[in-house]
There are 2 protein chains.
Amino acid sequence: MTATTAGGFDADTRAARAGDNEYTATVTDRWNALGGTANGGYLLALCLQALRRDMPLPDPLAVSAFFLRPGVPGPARVRTEVARAGRRFATGEARLHQGGKEAVRICATFTDLARAAGRTLVRNAAPLLPPPDACTDLLGGAGMPGVTIAERVEYRFARVPGWWRGEPGGELTAEFWMRFKDGRDADLPALALLVDAAAPVVLDIGETGSSTLQLTVHLRARPAPGWLACRVTTRHIIDGHHEEDFEIWDSGGALVAQARQLAALNGDGTRHRTP
Amino acid sequence: MTATTAGGFDADTRAARAGDNEYTATVTDRWNALGGTANGGYLLALCLQALRRDMPLPDPLAVSAFFLRPGVPGPARVRTEVARAGRRFATGEARLHQGGKEAVRICATFTDLARAAGRTLVRNAAPLLPPPDACTDLLGGAGMPGVTIAERVEYRFARVPGWWRGEPGGELTAEFWMRFKDGRDADLPALALLVDAAAPVVLDIGETGSSTLQLTVHLRARPAPGWLACRVTTRHIIDGHHEEDFEIWDSGGALVAQARQLAALNGDGTRHRTP
């Protein structure tokens with residue numbers, strides 16, 4: 001199913017052309033993350049949906065986003081620029097402004113994945129998970145106050161993370177299923193949102209959240225319809241900065257997105273002693 | 001030793017101010033990679049050295065570079081822009097042009113790592129290598145024709161990779177020591193070059209090389225002086241596109257840089273059958 005749903009991904013990332021390389025859009029309050037501001041992946045996808053309209057190649061392949069200010073519900077302008085349009089690869093940039101101030105800047109290289117014809121060799125495997133119906137729907141209709149993105153995205157866990165039960169277990173890796181709740185299948189721009197749509201694994205070491213500074217998404221293949229198997233890992237928390245690696249595998253068992261973000265733990269930086 | 005050497009990192013990444021947010025520089029032929037064009041990490045570092053002069057905070061923390069055209073020996077212009085200057089983080093962009101055409105675009109967030117005071121928790125370890133003097137100097141003064149970067153950077157391997165002996169062994173991970181040959185210790189801009197300074201591990205599956213499209217570097221701590229322990233891994237080669245992950249650990253055993261690049265295998269994409 002790929003229908004556009006009110007309050008769905010397509011409606012909420014739509015940009016209206018307002019001139020050459022200029023778009024208007026609305027940041028909705030329907031994709032808010034922990035902390036009550038717009039999810040970074042949502043803002044990235046909003047920029048990407050505008051940018052792809054000006055690019056001569058269809059598929060975002062490598063996208064880097066820098067988050068300069070929190071996104072707030074309300075009007076936004078997106079300005080795009082094509083930096084280079086080659087035969088195989090094209091690169092462009094988009095900047096999202098709200099109230100005259102820049103909130104997000106993305107740069108992205110596009111290609112036509114249908115024409116990519118090189119070698120394939122994968123030394124990794126999709127998460128080994130029971131079928132989605134045998135897993136626990138993390139929210140189960142409960143919702144998380146203010147975290148509206150959890151009303152749009154469904155998460156199914158084989159092992160519910162400790163932090164969710166109020167008992168952080170120190171696990172810095174999580175594996176789970178994910179999909180849009182309205183049944184819309186993921187395409188590449190949707191994957192660019194979804195790599196940032198889960199709660200950060202640092203919650204399981206007792207942290208209250210973290211803020212994304214920079215996010216790189218490599219979109220490696222067009223995803224097959226259906227549930228997405230996800231693996232998220234943090235290995236290095238250093239002086240309050242940490243990376244988070246995110247893999248998404250499609251229902252056919254192919255890696256479709258690989259992302260890494262650098263984030264800063266919330267809090268005053270003095271609550272925790274270095275172990 | 002941090003002296004500036006002719007043909008060294010400092011001299012070859014120097015930018016001269018030519019106006020507000022405008023620099024002139026020279027792309028030297030002393031950092032050429034496989035294929036005879038300027039190494040991507042070198043061009044990134046050249047942009048970064050110009051950009052950091054305009055940033056209000058000292059340490060590049062997250063840098064993303066897009067490679068639009070090959071860098072060639074000769075003059076270049078670098079134009080910088082400060083996108084946002086906050087108290088804790090500041091973000092800017094730099095674009096390197098040659099002959100009126102843009103070759104490289106970087107975006108970077110800076111901070112003051114000396115003031116970063118949050119939690120530290122690392123679930124990974126530095127490569128376990130014999131001391132550098134007990135390892136093999138890969139080039140041993142031999143050099144690789146045209147690959148001038150190998151005259152500036154020294155590589156010490158415990159196990160010499162198969163491809164080097166003409167017998168690719170299918171290893172997509174490598175661990176080794178690295179440093180500048182002239183003895184200059186690495187700082188953060190130097191690390192941003194070094195994460196791209198080694199031969200790609202895909203050589204060990206019989207590939208002849210690959211071209212970096214996009215490179216993200218997270219600079220996690222100011223490195224201690226001395227040799228750098230490196231770990232490089234490729235796990236997903238899909239239709240000719242592959243990531244390469246690069247970690248650099250300093251002589252004190254701290255992770256100081258974590259990088260990922262997306263690259264495209266050279267060749268016509270039809271030489272290899274999908275295994």
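Student: Which residue places a polar side-chain atom 2.9 Å from the backbone nitrogen of A:Arg235?

Tutor: That residue is A:Glu243. This is a predicted model in which local features need pLDDT of at least 70, side-chain atom pairs count only at pLDDT 80 or more, and totals for chains, interfaces and linings use all residues, while side-chain values use heavy atoms, without hydrogens and water. Residues are numbered from 1 along each chain as its sequence is written, with chains lettered from A and ligands numbered from 1 in the order in which they are written.

Student: With which side chain of chain B does A:Glu243 make a polar contact?

Tutor: A polar contact is a pair of N or O atoms within 3.5 Å, with one able to donate a hydrogen and the other to accept it within protein. Here the side chain of A:Glu243 meets that of B:Arg220 at 3.4 Å.

Student: Is A:Glu243 buried or exposed?

Tutor: Buried means under 20% relative accessible area, with a 1.4 Å probe and protein chains only. A:Glu243 has 0% relative accessibility and therefore counts as buried. Its contacts (heavy atoms within 4.5 Å), leaving aside neighbours within four places in sequence, include A:Thr233, A:His236, A:Arg260, A:Leu262 and B:Gln258.

Student: In which strand does A:Glu243 lie?

Tutor: A:Glu243 belongs to strand S14, residues 241–249 of chain A. Chain A has three helices and 15 strands (DSSP runs of at least four and at least two residues, respectively).

Student: What share of the residues of chain A is buried?

Tutor: Of the 275 residues in chain A, 60% are buried. The C-alpha atoms of chain A fill a box of roughly 50 × 45 × 35 Å along the principal axes.

Technical notes: Buried < 20%, exposed > 50% of the residue type's maximum accessible area, 1.4 Å probe, protein only.
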